[in-house]
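This report describes the fold and selected backbone features of a protein model. The sequence and structure are shown first.

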Amino acid sequence: MSGSDSTPGGKTPQAELRRTPRIAVRNRLQGHLISIDRPVALRDFSLGGFSIETDDAIPSGSHVVCLQQGDRWSVTVTAESRHRQTRLLADGSRRYIMGFEYADQSADTQQTIRLLFERLAAEEP
């Protein structure tokens with residue numbers, strides 16, 4: 001195995017596993033886990049998935065999620081959780097981060113995700 005294919009210990013960095021680039025969307029894209037009726041903060045977004053951050057742990061598995069950019073765009077998707085991590089903050093509180101991959105989507109939903117991604121990428125600071 002070559003050193004360029006993995007980090008020490010043989011693990012491939014998470015960024016290298018992604019098939020599509022992600023863009024930071026904090027404060028530009030909102031999320032709501034419809035399946036458990038909970039708003040979430042979106043961290044990043046791509047054509048293949050997205051990640052969220054919450055104050056409370058979210059159950060792993062499949063979720064129906066509404067992604068919305070203010071009053072301009074929204075799309076409801078089904079997504080599968082793929083990874084999770086917990087961060088301990090300096091004040092002792094915890095933040096929960098979960099990454100999702102889109103499940104099979106209709107052609108219309110895929111097109112809406114693509115348009116939303118392109119719009120957000122064009123507006124990226």
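## Overall architecture

The structure is a predicted model. Its secondary structure consists of two helices and seven strands. Read from the N terminus, the elements follow the order α-β-β-β-β-β-β-β-α.

Among contacts with a separation of 6 or more, 55% join residues 24 or more positions apart.

## Burial and surface

The protein has 125 residues, of which 33% count as buried. Its accessible surface is about 7,500 Å², and carbon and sulfur atoms contribute 48% of that area.

## Residues with positive phi

Most residues other than glycine have a negative phi.

Asn27 has a phi near 65°, a positive value in a residue other than glycine. Asn27 belongs to the loop that links strand 1 (23–24) and strand 2 (30–33). With a relative accessible area of 77%, Asn27 is classed as exposed, because this value lies over the 50% cut-off.

Asp37 is likewise not a glycine, yet its phi is positive, at about 50°. The loop that holds Asp37 runs between strand 2 and strand 3 (38–45). The relative accessible area of Asp37 is 60%, so this residue is exposed as well.

Notes. Residues are numbered from 1 along each chain as its sequence is written. This is a predicted model: local features need pLDDT of at least 70, side-chain atom pairs count only at pLDDT 80 or more; totals for chains, interfaces and linings use all residues. Side-chain values use heavy atoms; hydrogens and water are left out. Helices (H or I, at least four residues) and strands (E, at least two) are DSSP runs, numbered from the N terminus. Buried means under 20% relative accessible area, exposed over 50%, partly exposed in between (1.4 Å probe, protein chains only). Contact means heavy atoms within 4.5 Å. Accessible areas come from the Shrake-Rupley method with a 1.4 Å probe; for residues, only the protein chains shown count as cover.
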